[in-house]
Structure formats: structure tokens, C-alpha cells
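Here is a short tour for anyone who likes to see geometry spelled out. Please keep the model open beside the text as you read.

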Amino acid sequence: MSSLPPRASAPLRDGDLVAALDLGSNSFHIVVAQRVLGQLRVVDRLRETVRMAEGLNALGGMAPEVRERALACLSRFGQRIADIPPRQVRAVATHTVRQLRAPETFLAPAEAALGHAIDVISGREEARLVYLGVAHEQPPEPGQQRLVIDIGGGSTECIIGRGFSPLERESIQVGCVASTRRFFDGGKLGRKRWNAALTEVAAQFQQFAAPYRSLGWDEAIGTSGTHKAIGAICAAMKLTKGAITRDALAQVRERLLQAGRIEAIDLPGLSDDRRPVIAGGVLVLEAVFATLGLERLQVSKAALREGVLYDLLGRGGADDPREASVAALMQRYGVDTDQAARVEATALRLFEQVAGDWALTGDDRAMLSRAARLHELGLAIAHSGYHTHGAYLLQHSDIAGFSQQGQRFLAALVRTHRRSVPKSAFEMIPDRLLSNARRSAALLRLAVLLHRSRGNEVPPGLRLQADEDRLVLRIDKRWLHDRPLLRADLEAEPEDMLGLGIQLKLAID
């Protein structure tokens, strides 16, 4: 493995603030915490009902009024965290943004309104973070396995975990807002419609019900606003003290159906804000109880945002989940660790020489390091076009700790580390990351080329200079004279490098 891990961010000091934002399909949340004596103390929470899922159409477009509602909320949240350094803030977007046909048309103005980058995370990464939040807020007993269910506005995550680690993660495309819109469009409630909807939703959970039940759990926990609302209803109806049981859920459903229409729902303990989407939430939860054989579900105050907060603390350090994921990928696909380390060391050496002139960041360094370790991932499939195979694996796998933008960044570097650079290689990279992605790709190309013979030796006095989108590579003439194949590769490289929008000049001294 590499002896040059990515540099960690400066550790938090007592008094430092951190913030986590969850751009959910129903609500946007922000939690701000302060480090006090090595612990996190929550100092502020904000929540606004945005209902992004209501604005999503079948073609992946977003209704203008919903888009403006979301941007206005982010602008207000941005004012709250304007003085917190970017490295101490993480915002994540979930199901609805994942479903957008052109997410950048929303993300670009959203990031401008918030004043911080927004990571789009996959359903399984969302599940990992939800479990992390619950585990930290309600530490499990030694050896205890837990089932955690999170019903959001557009998706539902189901996780079985032990300790602080998830064992199984699934994300199903049903949620309280989406299900209410789909099955009760027009606001009408009826038993026949309910039963048909229940059968359809339950079929989604049936896909993984058997292995989940076989693995088992000692305790079931529900998170998110849907569970809190249903738990409050159960308590107000004096059915439980706040937990959700099979019998109590059935009684809530019966009373809900008696209303006949969504606007007529009159459940004790139900807020006006939650009323328009409670039918879909109860429907999804009933499907979960039926398919997983649940009898009782505790309700947790923790959710995705708490998981993002605790995950943020480990990012860039020894506990960064992305580092564990890279190591797992290398092992799974049999990457040559010696060659990976050679390329990584040289890539980072080049990085240090141009980082200042190119305004490259610590995050860029970390991503270059990971791409160097993973650049031969695709060899497990075939040597021919292995850079293309590796890029595909990185873009389409569920990789713990990475946002979708992060995976695409890695994939672009791996895709372009050899041969010609296709115009489409960087089309999925956000504009704010595009320039640094291309520059990082140039550094990886040079490092790979210099170690094509898979040897440890590097040119004495190797020097790289940068000026805007121009590079000058200085290399020892006598050293290069004994390596005619490498010289031929280097002399051909400036033409290929133009595909990155970078002019490369060789200075053979």
C-alpha cells in the first residue's frame, strides 16, 4: 500500500463549529455543532419544508416554483453558516436531485445560494450515513445488530448494522411525498386503492426481505420525520408511549382511511405541515412491517444530518471512509500495489511542484492520490481499454464515503490517464471542479508514463513548472538517452495532452 496518504485537514480545535446540511426530498435540514472538550455539542438546528419531490416530473425536470422555494431556503441557510470555513461544512442532496435529468442546472445556483459545495450521494451512501448518525446518537450494545429504517420524501433506506458499521444497505425508490403523489393523486383515500398500493410498495421491499430476515436483528429503529410523526400519533392516540407497533400502525391506518380525503385527515398529534404527506408515509411503513415481519419499531431523533456531521469529522484523516473504500477496491480487483505506490509517489511529487501556480487544493491532492492507486483497476476485466473499464467501475459502483461528483472525478482521471482524451470524459464534472480535474489528470498521465516500465527509478532532478494551462517538464538528457522508448512516449505526449486543454513542453537538459 501507499506510504503517502492524502494530507489530513487541520484537526478541529475546541470552539470550532461544524455544520451538516441534508437536502431531502421533503425537508431541508441543517445542524450546527461546536467541538467542546473533544465532543460535539449541537448549538443550532434549522428545518424547512421544501417538498422537492413535489416538483419532480417524469422527465426529470423541476417545477420552477419548487426550484425557487429550494433556492430561497438555501439562501437563508447560507446566511446561518456564512462564517464557518468550507472544510467544516458538508451539504448532501438525496433522491430528488439524483433523479434530475440535468442536476447541474439546479446544483450551480443552489451552491451559489448556499455558499458551499453540495454533494449528491447515492441511495446506499445515504443509508450508510443514516446508520452512522443513529449509531453515534444511540450507541449500540456490544455485539448488537440493528435494523434501521429511514423513510424520506422520495426514497426509503434499510440498513442492518453492528456497532458503527453497516452490514447491509438498501435504498428503495418509495417515500412519503412520492408515494402520496403516486397513489393518492387528487387527495382521495379508499381501502381498495390503499390495498393495491400496499401490494405494489411491498413488492419493492420483497427484493431483499429474505436475506435481511435471515441475517436478523436485535432491535429495529426508525428515523426521519415520517417515523417521528407516526410515533407522535401513536402516543397521542394512547396506543404506545411513542414507539410504533404493528397493532398501533393498523389503527392509525384505519383512522386515516376513515377521513376519505387527505385534506380531511384528523389524526391527533399530526402537524398541519405533515398532513399532506402522511398517507404515503404510513403506506410505506406498513409495507416495511409486512415484508420484514416487524412487530415493534423504536423511533430515533437521529437521521441523515447527524450521520453527515460525524462523517465530516473523519474526512481527510485516518478515519476517512474513502481511504478504506480505495483499499477495498484495490484488494477486490487485484491491483498491483507496488505499481500503484510508484505512480502515486511521482504524481504527488509533481503535484507539490505545481500546486501553488495551479491553485490546486488539499482535496485535489487526495483525489489524485486515490486515482493513482486505482488507475489500473480495469486490468481485472481486460488489458485492452482497461482505463475505460476502470472508469466505468468507479462511476457506477456504490463506493462508501464518496459523493456522485467524487466518483465521477475519480472516473475522469482514470479514464484519461492514457491514450487520447475523449471530449466526453469530463462532461459529468461540475464546472467548479472542471479546471482542477483536467490539471490533476495531466499530472496522473505524466506519472503513469514515467513508470510505464514498472520500475522504481525516476529521472534525477525531475522538474515540472506550470503557468496557467501550460506545463514545462524538465528532464535529464543523459538519463533519458538510455531510455529510448520512454523518450518516444514523452515526445508524443504533448499532442495527447491537448485533449485536456493543456500545452506540454519538454525541456531535455
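Which residue takes a positive phi in the hairpin of β12 and β13? Glu-468 does, with a phi near 55°, and the hairpin has two residues between its strands.

## Ground rules

This is a predicted model, in which local features need pLDDT of at least 70 and side-chain atom pairs count only at pLDDT 80 or more, while totals for chains, interfaces and linings use all residues. Residues are numbered from 1 along each chain as its sequence is written, and side-chain values use heavy atoms, with hydrogens and water left out.

Helices (H or I, at least four residues) and strands (E, at least two) are DSSP runs numbered from the N terminus. Two strands pair if DSSP finds at least two bridges between them.

## The hairpin strands

Strands β12 (residues 463–467) and β13 (residues 470–475) are antiparallel and share five bridges. Leu-464 has Leu-473 of β13 as its bridge partner.

In a regular strand the side chains alternate between the two faces of the sheet.

## A five-stranded sheet

An open sheet with mixed pairing puts its five strands in the order β3-β2-β1-β4-β5. Its edge strands, β3 (39–49) and β5 (118–120), each pair on one side only. Neighbouring strands are turned by 20° against each other on average, direction ignored; axes are lines fitted to C-alpha atoms, for helices over the stretch in contact, and angles run from 0 to 180 degrees between N-to-C directions.

β2 (residues 27–36) runs antiparallel to β3, joined to that strand by ten bridges. Phe-28 stands opposite Glu-48 in β3. Helix α3 (residues 104–114) packs on the sheet, touching β1 (17–23), β4 (89–93) and β5, and its direction makes about 145° with that of β5. Contact here means heavy atoms within 4.5 Å.

## Helices at an angle

The axes of α5 (residues 176–183) and α9 (residues 278–292) come within 7 Å and cross at roughly 100°. The two helices are therefore roughly perpendicular (65 to 115 degrees; under 35 is roughly parallel, over 145 roughly antiparallel, the rest oblique). On the α5 side the contact is made by Cys-176, Ser-179, Thr-180 and Phe-183; the α9 side includes Leu-283 and Val-284.
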